[in-house]
Amino acid sequence: MARREQLGVRSSEAVGPYTLLHIERGGLEPGVPGQFFMLEAPGRLLPRPMSLCLAPSGELAFLIDPIGPGTESLCSLAAGDVLHVFGPLGNGFDLRVDRPLLVGGGIGIAPLPYLATALGSPPTVLGFRSDEHAGEQRGCLGVEVVVEPTFVTELIEPGHDVLACGPEPMLHAVAELCPGAQLAWEASMACGYGACYGCAVEIDGEWKRLCVEGPVLAA
């Protein structure tokens, strides 16, 4: 069940151009891979939705791309700082799959480490726009990495249960290639529980509030 708590930052570390933020878990449950939390940095009016990246004992860890004032504020937090956290929210991945293949693009890789742990480290393909963004992902056991102009869809072989997260063009390409895939969509969110409609997106002619009907949807 979702809860809202004020939690302390344990550490913050750079992972290529991204930041991995470790916070205390408090009384929050990590939830199902693919669910998200609303993180509110001090001094910011609106929180930011973040998928859980790792769930070590007593912690919650989030991989963040500093692309604007809100995410930059989260990335500037240091050990001892505090922030408000609300979650877990939304619908995560269905883990009842026989031959999982994880597919991620850009910051869409964020929920995949937690998902991989839940599924026993299945094969994974990741795509990035540059070698800097690919960073430490190269050389990880069971992980294939491509950089533009090569796309992750070129590495998807038939016969797998695909679970994907990434930018919208990538998800559309994955859906066309794998109609049975589970796709975690990205959108701006203000509340996290369906009241503001800020995360409503049109998918196949239907409007979906990603915070309550997603973020994971069937292709």
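Leaving aside neighbours within four places in sequence, Glu59 is in contact with Arg10, His22, Ile23 and Arg25 in this predicted model. Contact here means heavy atoms within 4.5 Å. The model is a prediction, in which local features need pLDDT of at least 70 and side-chain atom pairs count only at pLDDT 80 or more, while totals for chains, interfaces and linings use all residues. Residues are numbered from 1 along each chain as its sequence is written, and side-chain values use heavy atoms, with hydrogens and water left out.

Glu59 belongs to strand 5 (residues 59–64). Helices (H or I, at least four residues) and strands (E, at least two) are DSSP runs, numbered from the N terminus. Glu59 counts as buried because its relative accessibility is 14%. The cut-offs are under 20% relative accessible area for buried and over 50% for exposed, with partly exposed in between (1.4 Å probe, protein chains only). The side chains of Glu59 and His22 are joined by a polar contact of 2.9 Å. Such a contact is a pair of N or O atoms within 3.5 Å; within protein, one must be able to donate a hydrogen and the other to accept it, and residues adjacent in sequence count only if both atoms are side-chain atoms.

Strand 1 (residues 3–15) runs antiparallel to strand 2 (residues 18–24), and 6 bridges join them. Two strands pair if DSSP finds at least two bridges between them. Glu13 stands opposite Leu20 of strand 2. The two strands, 1 and 2, form a hairpin with 2 residues between them. Gly16, in the turn, has a positive phi of about 65°. Strand 1 is also joined to strand 6 by 6 bridges, again antiparallel. Here Arg3 has Gly87 of strand 6 as its bridge partner. Gly87 is joined to Pro88 by a cis peptide bond, with omega about 0°. Pro88 lies in strand 6 (residues 82–89).

A hairpin is also formed by strand 12 and strand 13, with 2 residues between them. Strand 12 (residues 200–203) and strand 13 (residues 206–209) pair in the antiparallel sense over 4 bridges. Ala200 stands opposite Arg209 of strand 13. In the turn, Asp204 has a positive phi of about 55°.

Two loops also carry backbone features. The peptide bond from Glu148 to Pro149 is cis, with omega near 20°. Pro149 sits in the loop between strand 9 (143–147) and strand 10 (161–165). Ser121 is not a glycine, yet has a positive phi of about 60°. Its loop lies between helix 2 (112–118) and strand 8 (124–128). Ser121 counts as exposed because its relative accessibility is 60%.

The largest pocket has a volume of about 600 Å³. On a 1 Å grid over the protein atoms alone, a pocket is an open set of points where a 1.4 Å probe fits, with protein on both sides within 12 Å along at least five of seven lines; lining residues have an atom within 4 Å of a point. Grid points are joined across faces, edges and corners, and a volume is the space filled by probe spheres set on the points. The lining of the largest pocket comprises 26 residues, with Pro49, Met50, Ile107, Glu186 and Ala187 nearest its centre. Strand 4 (48–51), strand 5 and helix 1 (69–75) are the elements that give two or more residues to this lining. Strand 4 provides the largest share, 4 residues. By class, the lining has 17 nonpolar, 6 polar and 3 charged residues. Ala, Val, Leu, Ile, Met, Phe, Trp, Tyr, Cys and Pro count as nonpolar, Asp, Glu, Lys and Arg as charged, and the others, Gly among them, as polar.
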